Amino acid sequence: MTAPLTLIVGAGYTGRRVARRLAKRGVAVHCLTGSAASAAALAEVGIAAAALDLDESVALSRLPGGPLRVLYLVPPAEGEGGDDPRLARFLAALPRQPERFVLASTSGVYGDCGGALVDEQRPPAPSTERAHRRVAAETTLRRWADAQGVSWVILRIAGIYGPGRLPLEAIRSGQPVIREEDASPGNRIHVDDLARVCLAALEPTAPGGIYNVADGSGESSGAFFRQVAEAAGLPAPPAVSREEARRQMSPMRYSFLAESRRLDTRRLREALGVDLAYDDPAAGIRASLEEAGAPQEG
């Protein structure tokens with residue numbers, strides 16, 4: 001029996017980590033990236049890769065044969081309204097049906113839930129254009145997969161952090177956070193835990209469907225910033241009221257903080273069977289600083 005090929009579409013921050021883990025296991029993996037430089041960097045470490053522009057015509061005829069699994073990590077393009085033509089082009093170009101298709105989406109599809117605990121049964125209620133595009137991508141995949149008889153997984157992912165992805169510059173520049181009495185629950189996931197989730201989701205024997213992906217801690221953004229500052233030996237960020245934050249923060253940053261929800265991750269742990277290494281954000285922050293070579297307090 002031919003071993004399956006795992007195709008990673010969008011081998012960036014998360015995709016590269018998944019690819020390295022697969023390669024260490026001896027799994028055949030092929031990455032599609034947005035630039036020739038990224039493809040060359042992957043090739044230098046022995047991972048097959050090619051550059052592909054999903055905003056143009058897509059050709060995938062050169063993929064090796066055999067069973068196929070797909071991890072699709074590419075976000076919808078901005079300026080496309082509420083649709084995702086990138087994903088539609090890719091699906092139309094697939095040379096054969098995969099045995100499992102995993103789509104990275106976002107927990108932002110739920111919109112503002114007033115701080116409620118949200119499981120996968122809650123209907124999406126996107127409040128931003130970017131979240132509307134994510135819902136459109138989910139719908140596109142589900143309709144295509146159901147019509148083709150393809151097993152699918154949608155990962156509704158919280159904010160990703162890890163080495164090189166901590167708010168160190170924001171803290172150094174004195175950017176404020178919302179004071180704790182005004183703060184909302186937050187949701188995030190360490191990139192290594194996200195890689196573990198992606199690997200588990202790619203297995204065709206794993207239950208399909210939708211999974212919330214977060215560490216389950218529910219810590220506010222302000223609490224997370226303060227932990228990063230403490231671990232890195234930086235001054236704590238100034239805490240301001242929600243109204244003051246609206247005036248001081250960029251519209252993009254404030255829009256993320258304005259929506260309030262806490263992700264229920266029971267299905268991730270129980271059905272997908274993933275044991276998170278960093279369900280305590282403090283441990284994830286320390287590991288991220290250590291890997292990135294940043295100084296730590298103490």
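Of the 32 residues in the largest nonpolar core, Ile-8, Val-18, Cys-31, Leu-71, Leu-155, Val-213 and Leu-272 touch the most other members. A nonpolar core is a set of buried Ala, Val, Leu, Ile, Met, Phe, Trp, Tyr and Cys residues joined through side-chain atoms within 4.5 Å; buried means under 20% relative accessible area, exposed over 50% and partly exposed in between, with a 1.4 Å probe and protein chains only. The model is predicted: local features need pLDDT of at least 70, side-chain atom pairs count only at pLDDT 80 or more, and totals for chains, interfaces and linings use all residues. Residues are numbered from 1 along each chain as its sequence is written, and side-chain values use heavy atoms, with hydrogens and water left out.

- A second, separate core has 28 residues, among them Leu-5, Ala-93, Ala-137 and Ile-210.
- Leu-272 is in contact with Val-197, Ala-200, Ala-201, Ala-206, Tyr-211 and Arg-267, leaving aside neighbours within four places in sequence; contact means heavy atoms within 4.5 Å.

**Helix α1**

- The twelve residues of α1 should span 16 Å at 1.5 Å a residue, and the end C-alpha atoms are 18 Å apart, which agrees; the expected span is 1.5 Å times one less than the number of residues.
- Buried residues of α1 are Tyr-13, Thr-14, Gly-15, Arg-17, Val-18, Ala-19 and Leu-22.
- These buried residues pack against β1 (5-9), β2, β4 (68-72), β8 (159-161), α6 and α11 (281-292).
- Gly-26 follows α1 and has a positive phi, near 80°.

**Helix α4**

- Helix α4 (residues 129-148) has 20 residues and should span 28 Å at 1.5 Å a residue; its end C-alpha atoms lie 29 Å apart, which agrees.
- Its buried residues are Ala-131, Arg-133, Val-135, Ala-136, Ala-137, Glu-138, Leu-141, Trp-144 and Ala-145.
- The buried residues of α4 pack against α3 (85-93), β5 (100-106) and β7 (152-157).
- After α4 comes Gly-149, with a positive phi near 70°.

**Loop between β5 and β6**

- Ser-107 is in the loop between β5 and β6 (117-118) and counts as buried at 6% relative accessibility.
- Not counting residues up to four places away in sequence, Ser-107 touches Arg-156, Ile-157, Ala-158, Arg-261 and Leu-263.
- Gly-111 is also in the loop between β5 and β6, and at 0% relative accessibility Gly-111 counts as buried.
- Gly-111 touches Ala-125, Ser-127, Glu-259 and Arg-261, not counting residues up to four places away in sequence.

- Ser-220 sits in the loop between β11 (209-213) and α7 (221-232) and is buried, with a relative accessible area of 5%.
- Beyond neighbours within four places in sequence, Ser-220 is in contact with Glu-180, Ala-183, Ser-184, Pro-185, Gly-186 and Arg-188.
- Arg-267 belongs to helix α10 (residues 266-270) and is partly exposed, with a relative accessible area of 26%.
- Arg-267 touches Glu-120, Pro-207, Gly-208, Gly-209, Ile-210, Tyr-211 and Leu-272, not counting residues up to four places away in sequence.
- Val-274 lies in the loop between α10 and α11 and is buried, with a relative accessible area of 6%.
- Val-274 and Ala-200 are 74 residues apart in sequence and 7.2 Å apart in space, C-alpha to C-alpha.

**Second largest pocket**

- The second largest pocket has a volume of about 180 Å³; a pocket is an open set of points on a 1 Å grid over the protein atoms alone, where a 1.4 Å probe fits, with protein on both sides within 12 Å along at least five of seven lines, and lining residues have an atom within 4 Å of a point.
- Ten residues line this pocket, and the closest to its centre are His-30, Leu-32, Ala-50, Ala-59 and Arg-62.
- Strands β2 and β3 (48-51) each supply at least two residues of the lining.

How values were computed. Helices (H or I, at least four residues) and strands (E, at least two) are DSSP runs, numbered from the N terminus. Grid points are joined across faces, edges and corners, and a volume is the space filled by probe spheres set on the points.
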